[in-house]
Amino acid sequence: MYAAPKIYEDVVVPEPNISMYKVKPIYDDLTVPGTEDVTWARDIEARQDKCLSELELLRQRVLKIEADCCGASENTSKLDVVIGCSVGSPAVYMAAIIARKVNCLIKVFSHSSNTKEVDSTITNKLLCVNNGETDYCGVNIIYKDTAAPYFMACPGRQVAVSGLSNILRYIARERNYVSLYNEADLETAALIDEILSFIDSLEQRCNASASEIGQILNNIAGYIKSSTYLAGDSLSIADIALCCILVSLDSKLVPNTLRTYLSNTIRSNYEMRVLKAFVNWIPHES
């Protein structure tokens, strides 16, 4: 009298929906062994390599997210640097990006050794960076007769480094901007350093012939493939250095690939949008 019908009688158990976990077998569309040749083995190996590459890219993204979310926080103390450079140097635009990133004001001075005319239009634009948003000056630009830009970590104490790449490395380390330059990510950091070596050579040859500059620019453009950025899927100090040099160059020397790259980079990153004020061949958004 207490017998109950079996709960599984006449019940069709649906198969679990696992379509979201399905991946295309790596052997689809491969040549069956013995039908034509043995290229199927190479096809399998190529697809496995592609899978491993995609997994590695995913791993790097996860590591980057962990570094951004769980790593040491950025240095939020007040910045106090002096950048010495010549008039028209890419370091001028780098200073604007740093100021926007840190949210500080810029002051501009002209040293007695400077023999070039200072463009008041650019100076006024520099003075407008973050104006009304903050009340302290963290970046001081001093125009001097110098071949390469240098910087002081604080007034009166010059650090023995020069060049855009070294200044940007210092800023990234001092402010702990791991999203711009994460030395714990060895492969990406090595790629950034490699690209910066090309940018260094471009910076040192800013007065070279158009053909020589064009050759270096084409070499750098080779790093821009499917990604918007030079190294990885996000902005790095390599992108900042290159964009600053592109802004300082005659626009006629910049190939179309790098024109598009510069435009996209400026529009896609808050700190880079400050460059729009200095570039007249990039359409301004309303």
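With which residue does Arg175 form a salt bridge? Select Arg175 and Glu174: the two form a salt bridge, and their closest N and O atoms are 3.5 Å apart. A salt bridge here is a side-chain nitrogen of Lys or Arg within 4 Å of a carboxyl oxygen of Asp or Glu. Arg175 is buried, with a relative accessible area of 2%, whereas Glu174 is partly exposed at 29%. Buried stands for under 20% relative accessible area, exposed for over 50%, and partly exposed for the range in between (1.4 Å probe, protein chains only).

Before continuing, please note the basis of these values. The model is predicted, so that local features need pLDDT of at least 70 and side-chain atom pairs count only at pLDDT 80 or more, while totals for chains, interfaces and linings use all residues. Residues are numbered from 1 along each chain as its sequence is written, and side-chain values use heavy atoms, with hydrogens and water left out.

**The whole chain**

Now display the chain as a cartoon. Eight helices and five strands are present, and along the sequence they follow the pattern α-β-α-β-α-β-β-β-α-α-α-α-α. Helices (H or I, at least four residues) and strands (E, at least two) are DSSP runs, numbered from the N terminus. Of the 286 residues in the chain, 38% are buried. If contacts between residues at least 6 apart in sequence are considered, 68% of them join residues at least 24 apart; a contact means heavy atoms within 4.5 Å. Switch to a surface view: the accessible surface comes to about 16900 Å², and carbon and sulfur atoms account for 53% of it. This area comes from the Shrake-Rupley method with a 1.4 Å probe; for residues, only the protein chains shown count as cover.

**Further salt bridges**

Side chains of opposite charge can pair when their charged atoms come close. A search of the whole structure finds five salt bridges.

Select Glu271 and Lys101 next. Their salt bridge has its closest N and O atoms 3.6 Å apart. Glu271 lies in the segment after α8 (256–268) and Lys101 in helix α2 (residues 90–102), so the pair ties together parts that are 170 residues apart in sequence. Glu271 counts as buried at 10% relative accessibility, while Lys101 is partly exposed at 28%.

Then select Asp193 and Arg169, whose side chains meet in a salt bridge at 3.1 Å, N to O. Because Asp193 belongs to helix α5 (residues 186–204) and Arg169 to helix α4 (residues 164–175), this pair ties together parts that are 24 residues apart in sequence. Asp193 is partly exposed, with a relative accessible area of 29%; Arg169 is buried, at 12%.

**The cysteines**

How many disulfides does the structure hold? The number is zero, a disulfide being a pair of cysteine sulfur atoms within 2.5 Å. Select Cys104 to see an example: Cys104 is in no disulfide, and the nearest cysteine sulfur, that of Cys137, is 6.6 Å away. Cys104 is buried, with a relative accessible area of 0%. Cys85 may be selected as well; Cys85 is buried, also with a value of 0%.

Lastly, select Thr265, which is placed in helix α8. Is Thr265 buried or exposed? At 0% relative accessibility, Thr265 counts as buried. Display its surroundings: not counting residues up to four places away in sequence, Thr265 touches Thr228, Tyr229, Leu235, Cys243 and Met272.
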